[in-house]
Amino acid sequence: MLTDPAVCAGFTTDWTGRYRGSAALVVRPADRDQVAEVLAVCGEFGAAVVPQGGNTGLVGGGVPHNGEVLLSLTRLSALGPVDSAARQVNAGAGVRLSALREHAAASGLDFAVDIAARESATVGGMVATNAGGLRVLRWGSMREQVAGVEAVLADGRVVGSLCGLDKDSTGYDLAGSLVGSEGTLAVITAVRLRLIPAFARRATALLAFGGTSDAVAAISALRSLPSLTSAEVFYDDGLRLVCAHRDIAPPFPVAHPVYLLVECAADDDPIEELGSVELPGALDTAIAVDETARRTLWTYREAHTETVNSLGTPLKLDVGVPVARAAEFERAIRAAVTSGTLVLFGHLAEGNFHVNVVGADDEERITDTVLRAAAALGGTISAEHGVGVAKAAWLNLTRSPAERDLYAAIKRAWDPAGALNPGVLIPR
Ligand code: 2HG
Ligand code: ZN
């Protein structure tokens, strides 16, 4: 248990510096039963609790805003043996994504979801936010990987199972309810996760286009490849900032408006099949021939987040639109953001844009406009980061009154006293 404000600061501030709260205390239990005891005691004293994993969240959903008890799950880092017959593994909520992937690799397997925050993000938080990341086009988000969840209710009772049955037709999907629940229903203590084959060969290329619609057309063509794993978009303005921040050379001698980073993974080298796809709109292509070149291509994309942070405290809006409407959305956003520095990038195959704005003098208006634009195109106000406190007030854009009534009823059923993560997902 930590109480020194200087020590607690690392738990009460988010990674961007936008959300700075305070905690009555930080509790770091070592296992599920200690989590249950902590919750039971907090219940007795009527103390609200904010669960936290690796504190890599970007929507203010994992930091205490009003002096709650901060429940850190990072010590729940046990990994069970890989069940190769079922291709599943049990992981404590505090297992870091990179540790999970290393553990799976020792058995010739891998975990499907990969995100840039892999060294710090924990699987409990990734399940709680239904994290997506860089390989969703092939294997889906966290929801698709979850075979079981164990969690503790606000009153200290333990629910869920880690048996990982692939077939179970016995009513409500309790584990599924916790995926994307953002710590508002129960505290996830362990998960059973599906694993995938670890492919030996990867081919990575950076393609340049004149516009987003050409990049979308390229994705349609590339989808004919069963090995296609990633299709990530960024733009020239963002690339220039990344190159300056990292002090690296740009990928091409001339600048292009749009870049698409594509990766294929297979048992046999997928480079030839990647090269065989006709991409009429492509203006330039850089293919990584070795691991160093592959890492460099990924740096252009993955260093966007740290580059944006280096400019100031960013406004971050993770939104999604149907991919066929991605170009329309991009145009609308560029027209709407008239102050500050706009940096757009994301996961184009899912129409998932990360709208980052630094130094704007009208953040509230930008937030409202961007979220409304996504909703108006049949999209979502959060594709993979969650709603948190950042977007709770805008949930009405994509959830009807009847659906929000259901949200409130579900919250009451799991957490009658409203002790878990108050203000997150469902506004206070
Ligand atoms: C990514 O795709 C993450 O790199 C972070 O989701 C996005 O920084 C962001 O806005
Ligand atoms: Zn992302």
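**Labels and what backs them**

Reply: Gladly! Let us begin with histidine 354, whose place is in strand 16. This is a predicted model, in which local features need pLDDT of at least 70 and side-chain atom pairs count only at pLDDT 80 or more, while totals for chains, interfaces and linings use all residues. Residues are numbered from 1 along each chain as its sequence is written, chains are lettered from A and ligands numbered from 1 in the order in which they are written, and side-chain values use heavy atoms, with hydrogens and water left out.

Me: What makes a run of residues a strand here?

Reply: Helices (H or I, at least four residues) and strands (E, at least two) are DSSP runs, numbered from the N terminus. Strand 16 covers residues 352–358.

Me: Why is histidine 354 called buried?

Reply: Buried means under 20% relative accessible area, exposed over 50%, and partly exposed in between (1.4 Å probe, protein chains only). Histidine 354 has a relative accessible area of 6%, so it counts as buried. Glutamate 384, at 10%, is buried too.

Me: How do you know which residues surround ligand 1?

Reply: A residue is near a molecule or strand if one of its heavy atoms lies within 4 Å of it. The residues around ligand 1 include Leu58, Arg301, Lys316, His354, Asn356 and His385.

Me: What makes the approach of histidine 354 to ligand 1 a polar contact?

Reply: A polar contact is a pair of N or O atoms within 3.5 Å; within protein, one must be able to donate a hydrogen and the other to accept it, and residues adjacent in sequence count only if both atoms are side-chain atoms. A polar side-chain atom of histidine 354 lies 3.1 Å from an oxygen atom of ligand 1, so the pair falls inside the limit. For an N or O atom in the side chain of asparagine 356, the separation from an oxygen atom of ligand 1 is 3.0 Å; for histidine 385 it is 2.8 Å.

Me: How do you know that strand 4 and strand 8 pair?

Reply: Two strands pair if DSSP finds at least two bridges between them. Strand 4 (residues 88–92) and strand 8 have five bridges, in the antiparallel sense, so they qualify. Valine 89 stands opposite leucine 193 in strand 8. Strand 6 (residues 146–152) also runs antiparallel to strand 8, with six bridges, and glutamate 150 faces alanine 190 there.

Me: Why is strand 8 described as largely enclosed?

Reply: Seven of the eight residues of strand 8 (residues 187–194) are buried, so the rest of the structure largely encloses it. In strand 6, seven of the seven residues are buried, so strand 6 is largely enclosed as well.
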